[in-house]
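Visitor: Could you walk me through this fold? I'd like to start with the terms you rely on.

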Amino acid sequence: MIHQYNIYSTGDHAMTISFGNAINIETHEKVMALFHQLTAMELHGVKDVIPAYTTVTVVYDIQKIRQQTDLNAYEFIYLIVEATLKDLTVKTTEQQCIEIPVCYDLSFGIDLPAIAEQKKVSVEDIVTIHTSTKYHVYMLGFLPGFAYMGFVDDRIAKARLTSPRTQVAAGSVGIAGNQTGIYPFDSPGGWNIIGRTPRLLFDVNKEEPCLLQTGNTVQFISITKDEFDFIKQQHEHPHH
């Protein structure tokens with residue numbers, strides 16, 4: 001199958017494969033297909049394969065590649081990537097939907113009133129719209145376990161804050177333009193905060209620390225403050 005792509009160098013020990021600028025599920029399925037195939041090869045000298053919205057970046061160790069070829073490292077990786085792209089089969093897989101409980105109480109959703117005012121909708125409308133969409137995880141970044149998800153309905157999409165907050169609570173669910181995301185830790189942040197989840201997004205004690213992975217489908221479920229407290233307590237004290 002012929003795919004449109006560009007390959008270019010990203011510094012002296014990385015290469016990026018771009019499938020264009022259109023951010024959509026079709027492009028991302030190509031990204032994930034290439035990511036999975038390159039990862040499955042377990043190539044000696046490849047340190048990391050990183051999927052994003054429309055690109056895959058391959059990070060390699062020049063010394064280790066020199067040990068196995070007379071080609072320079074970039075050419076060596078380029079040939080492997082080209083061959084993989086020629087045989088790339090993109091499967092549309094029905095992803096298991098991960099449900100994330102969110103409390104949209106105003107004590108958590110501190111930017112709900114501002115979104116409601118700007119977009120001329122009620123707070124209840126924002127919650128209904130945000131929970132009625134299934135979101136696709138396009139990439140992880142910014143913080144370990146922070147998933148960039150799309151797409152937020154235009155009726156509630158709002159540009160990020162002009163000046164970021166110095167502290168956003170862990171579990172905060174935010175909107176930035178047409179993206180939505182969840183802060184895995186207390187951290188600075190500039191997204192519009194609309195609620196909070198009691199679930200842990202990143203748990204270092206688990207074999208796979210990140211709850212959400214690139215390519216996942218996510219749906220938010222509205223819960224009450226009491227339900228939030230109950231679930232949070234269960235996660236913090238699982239044996240009680």
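Guide: Strands (E, at least two residues) and helices (H or I, at least four) are DSSP runs numbered from the N terminus, and two strands pair if DSSP finds at least two bridges between them. This is a predicted model, in which local features need pLDDT of at least 70, side-chain atom pairs count only at pLDDT 80 or more, and totals for chains, interfaces and linings use all residues. Residues are numbered from 1 along each chain as its sequence is written, and side-chain values use heavy atoms, with hydrogens and water left out.

Visitor: Fine, so what is the strand order in the open sheet of four strands?

Guide: The order is β1-β2-β4-β3, with antiparallel pairing; β1 (6-9) and β3 (46-51) are the edge strands, each pairing on one side only. Neighbouring strands are turned by 15 degrees against each other on average, direction ignored, where axes are lines fitted to C-alpha atoms, for helices over the stretch in contact, and angles run from 0 to 180 degrees between N-to-C directions.

Visitor: How many bridges join β3 to β4?

Guide: Five bridges join β3 to β4 (residues 55-60), and these strands run antiparallel; valine 49 has valine 58 in β4 as its bridge partner.

Visitor: And which strands does helix α3 touch?

Guide: Helix α3 (residues 73-86) packs on the sheet, touching β1, β2 (14-18), β3 and β4, and its direction makes about 165 degrees with that of β1; contact means heavy atoms within 4.5 Å.

Visitor: Which residues of α3 are buried?

Guide: They are Ala73, Phe76, Ile77, Ile80, Val81, Glu82, Thr84 and Leu85, with buried meaning under 20% relative accessible area, exposed over 50% and partly exposed in between (1.4 Å probe, protein chains only). Those buried residues pack against β1, β2, α1, β3, β4 and α2 (62-66).

Visitor: New topic: where is phenylalanine 151?

Guide: Phenylalanine 151 sits in the loop between β7 (147-150) and β8 (165-168), and a cis peptide bond, with omega about 0 degrees, joins glycine 150 to phenylalanine 151.

Visitor: What about the phi of glutamate 42?

Guide: Phi of glutamate 42 is near 45 degrees, a positive value in a residue other than glycine, and glutamate 42 is found in the loop between α1 (25-41) and β3.

Visitor: Does glutamate 42 count as buried or exposed, and why?

Guide: Glutamate 42 counts as exposed because its relative accessibility is 70%.
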